[in-house]
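Please read it alongside the sequence and structure shown here.

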Amino acid sequence: MEIVKFKPKTEEESKKNLEYMLSIIDDFRSMVEKGEVEEFVISYMDSSSSVELSANCKDIVGAIGILEMSKQIVLHQVMD
């Protein structure tokens with residue numbers, strides 16, 4: 001699975017992007033239902049460019065750790 005996807009430019013790319021986003025959500029839901037996810041942090045930007053963050057972590061240290069690890073994954077994928 002790609003970690004970083006940039007905003008689609010065409011209508012066809014937008015449709016594929018919607019399918020991609022929904023598949024991520026479906027996969028994540030399945031992992032949660034199976035008990036494979038213990039903690040998570042999800043961030044997103046809505047259509048008005050507001051950034052939202054949802055977290056379910058044992059403590060603040062866990063939340064920050066997940067955010068930092070995620071940042072490193074994104075940076076390494078973009079830089080490679």
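**Side-chain contacts in a predicted model**

Glu33 and Arg29 form a salt bridge in which the closest N and O atoms are 3.2 Å apart. The model is a predicted one, and the count of salt bridges comes to five, among them the pairs described below.

Salt bridges within helices
- Because Glu33 and Arg29 are four residues apart in helix 1, about one helical turn separates them, and both Glu33 and Arg29 are exposed.
- Glu68 and Lys71 meet through their side chains in a salt bridge with an N to O distance of 3.1 Å, and since these residues are three apart in helix 2, they are separated by about one helical turn.
- Glu68 counts as partly exposed at 40% relative accessibility, and Lys71 is partly exposed with a relative accessible area of 40%.

- Glu38 forms a salt bridge with Lys58, the closest N and O atoms being 3.7 Å apart.
- Glu38 lies in the loop between helix 1 and strand 1, while Lys58 lies in the loop between strand 2 (51-56) and helix 2 (60-79), so the pair ties together parts that are 20 residues apart in sequence.
- Both Glu38 and Lys58 are exposed.

Aromatic contact
- A search of the whole structure finds one aromatic pair; Phe28 and Phe40 form this edge-to-face pair, at 5.4 Å centre to centre and with 85° between the planes.
- The pair links distant parts of the chain, with Phe28 in helix 1 (residues 11-33) and Phe40 in strand 1 (residues 40-45), 12 residues apart.
- Phe28 is partly exposed, with a relative accessible area of 26%, and Phe40 is partly exposed as well, with a value of 22%.

Technical notes: Residues numbered from 1 in each chain as written. Predicted model: local features only at pLDDT ≥ 70, side-chain atom pairs only at ≥ 80, totals over all residues. Heavy atoms only, no water. Phe/Tyr/Trp six-rings, centres within 6.5 Å; stacked < 30°, edge-to-face > 60°. Helix = DSSP H or I, 4+ residues; strand = E, 2+ residues; numbered from the N terminus. Buried < 20%, exposed > 50% of the residue type's maximum accessible area, 1.4 Å probe, protein only. Salt bridge = Lys/Arg side-chain N within 4 Å of Asp/Glu carboxyl O.
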